[in-house]
Amino acid sequence: MDNNIRQLLAASRKQSDEGDGSFLHQAHSQLGTAAQSKATIDGNLPFGQDLFVICAEVALERGESAIATDSLRMFFMKSPPPNQFLCRAYLCHAHLLAPTSAEDKDQLDKAVVFILKAMGFAKRNPRYHFMVYNASVLYWQFCRPFLKPTYRRCLSASLHSVVRALEEVKDHDHEWRAQLMIALVECLVDAGQLKEAGEISRLASELTKANIPEMHREVLALQIRFNLIDGAKLAKELRNSSDLTAFQRIVKLRVGLEQQEVTDVEGTMARLISQLLKEEELSRPSSVLGATGRKTPVEESRTRATPSLPAAPDGLSRMSTVTSIAQVATAASDVGPHNKQSGGTCDPDALSINEQPRLLLEMAYLCSEYDQPELLKRCLNGLKTLNIRDNTVYLSMEFLDCELMVRGLGFAQEMYTKNAVEVRLQAIERLSEAVTNAVRAADPNVIQVGSVTMWNICLPLLQPNMRRKLRRPLTLIAEALQDIDSLLILLRCQLHTELAKIEEEEEQIQLAMEHLEKAIIFDDGGQYSDRLRTLFHRLKLRTELYKSPERSEDKAAMIIEQARKSSDSGTVRKKRSLLVQAGQALSPDAFLLVLESESKTGGGGGNQTLYAPLGSKAEHFKKCVKKAAGHTKRLGTENDKERARLWADLAKTARKQEVWDICRVAARFCLLYDNDRWKVPPLARPDTRPDSDQQQPPSSEAGGSIKRAKTPSQQSVTVNVAHTDRDLIRMLVEVNFLNSEALVHLLRSHGVDLNNDPIPPVDSSKKPKGHVATKPEDCPEWLTYR
């Protein structure tokens, strides 16, 4: 029986059969039958107890969590043997309890318990030390959603235990240990444990210097940023390294720019670029720091600044470590303030061949971030003269070249002239090729940098009449980020949202719904939850062609969508009929009454004055319009956000089809909700860098510009605010403009220009002799009309 079950499990690993008759289900059934027949603790099983664990592992690989759970239950029914399968069972338990988002902190705590159990067992026996490494890999996989600002602190205790376990067993994968240590430093800083962070950074520094020199700069960056190293030790470490000295200068410049301490941005950057290009001596501290208004190294060593925790705004998440030069754009940001000791004096000619391109590239990203295209061009020209062996540097240069193409337009880059759009499209085409090469190079950090650059260049073109041109490049970067399971979750959310809109315009409803489902998954924190679910619900209604919706809001949404589709082919009468039906679905008791406010009415019989019809029309208008006021009173706050959006959509659709009276009525109903029921608190924006490089909330049509792959640890904290109310307020502003335009159209249809008084009609009828004409000002009907 033992051999039979093992063969079934081996076959299940190789074949992708599913269903109750699959090899996995057969093996699980035999295990369950045998376990029930030997239910007592002392009952001997006709097979090895390790098969329960193997079955659980196979089930987890196949996504059969129920089978995995039951297999582990049967494994622990009897006293488990103290071997590696006990450890593997703990890891399977942790896998089952793994959190799916950063909001599942309770699940994280439950999963960590089994990870630590597995490590505790494996540490006691040198034979099972490899299981400590396996446990650390599994831990890293399910803790990734927490590797972002304000959530990292949840990992500080558990990650510390994992790092300590790897150190106790003296794991030989030094790069892996260093990566975990760097992440632990960021988590401890996020938790406010600076002392512990300093100790871990010291250990990480020793480990990287001895075994992984290329990762030492990352540790040094964290030490400088969070003031985790003594100034004297830092100066001693930099004394004999021109590369680290130059790196520290760039770090200080970035910190000064972030804190607005640099008065001459262009001049300071230019001097540092000259040093990196070996045009000036690197040992001149005043050339870089003189314009920042900081203390001299001697003064600073006497009065050292108190460390302060930088805050971290809601923004893009990404992996906590930097493993290639393509992430230099972020590594320079990873280091920050508070250690202002100058490095030692070094000969600029001593810059290593490998580090000079990296430093120049880092400077190029800094110039791009602070909108210095001329200095960016100078950095790129300098890079082109060097003998570069790293392929990722060439890819990063290509990204910057494409960005420089757009920056070269100057003020015209945000305009929609033919030349500006063509240049932007050419840059996008070049970027697409570069991102494809980055995917082939399989460097996750380069892929992320290229994706963010592509998004920022595509952003102005995400307009209803142009976004379809971006279908291919946006799909390319969305798939590239998906393949590497990127932590740029906000960017991925915005990408899939825009792709859903593009697919909707192409009538690919199923694809659009799939993109929206992904966007909802990546909307960690629910910033765009209401917006995305509203879009998804409307797309779902479009797929239910032969099902009549029960809710009046759904009926109105379907009719409005039909009216949009008929904008090109339908007649005016058909368009108007559909729009009226949508209005009636939203307000069956008042819509038609308000719509009749502009209909022509007779002035009654008898002797009428010249102005009586006008006065009667004005009275009729006022009487009908009053019917709308009670609409919101009757409904209250029931589905108010959804109904306001539907009225706005009806007004916009009517305006596009130039059905002006329905546009005015729909706008009137929509603006009934403009009564301060939705308010948005002002967002604190401590970062005053140019808007084009800041991460902003997306507009109604497109996501905001994303800063280039910035690590969470360097961002300042702001509270994530849901965009629902902000979207609604923006929508009400748009409807106010629509209503104004429609009212101007109404005035002109009556022969009246805006801000002008109406001209009284001329009485051309014959009057008896001695008739005295009545002045318009003395006629109450005219006063009512005017």
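**View 1. Aspartate 676, an exposed loop residue of the predicted model.** Aspartate 676 is exposed, with a relative accessible area of 58%, where buried means under 20% relative accessible area, exposed over 50% and partly exposed in between, for a 1.4 Å probe and protein chains only. Aspartate 676 belongs to the loop that joins helix H32 (660-670) to helix H33 (724-749), helices being DSSP runs of H or I with at least four residues and strands runs of E with at least two, numbered from the N terminus. Most residues other than glycine have a negative phi, yet the phi of aspartate 676 is positive, near 65°. This is a predicted model, in which local features need pLDDT of at least 70 and side-chain atom pairs count only at pLDDT 80 or more, while totals for chains, interfaces and linings use all residues. Residues are numbered from 1 along each chain as its sequence is written, and side-chain values use heavy atoms, with hydrogens and water left out.

**View 2. Threonine 150, in the loop between helix H7 (130-143) and helix H8 (156-168).** Although threonine 150 is not a glycine, its phi is positive, at about 70°. Threonine 150 is partly exposed, with a relative accessible area of 32%.

**View 3. Helix H27 (residues 552-565) beside helix H31 (residues 640-656).** The axes of H27 and H31 come within 10 Å and cross at roughly 20°, each axis being a line fitted to C-alpha atoms over the stretch in contact, with angles from 0 to 180 degrees between N-to-C directions. H27 and H31 are therefore roughly parallel to each other, since angles under 35 degrees count as roughly parallel, over 145 as roughly antiparallel, 65 to 115 as roughly perpendicular and the rest as oblique. The contact, meaning heavy atoms within 4.5 Å, involves residues of H27 including Ala556, Ala557 and Ile560, and residues of H31 including Leu646, Leu650 and Thr653.

**View 4. Cysteine 92 and its closest cysteine sulfur, in cysteine 55.** The sulfur of cysteine 92 is 10.0 Å from that of cysteine 55, too far for a bond, and the structure holds zero disulfides, a disulfide being a pair of cysteine sulfur atoms within 2.5 Å. Cysteine 92 is buried, with a relative accessible area of 5%, and cysteine 663 also counts as buried, at 1%.

**View 5. The protein as a setting for the close-ups.** The protein has 34 helices and zero strands, and 53% of its 786 residues count as buried.
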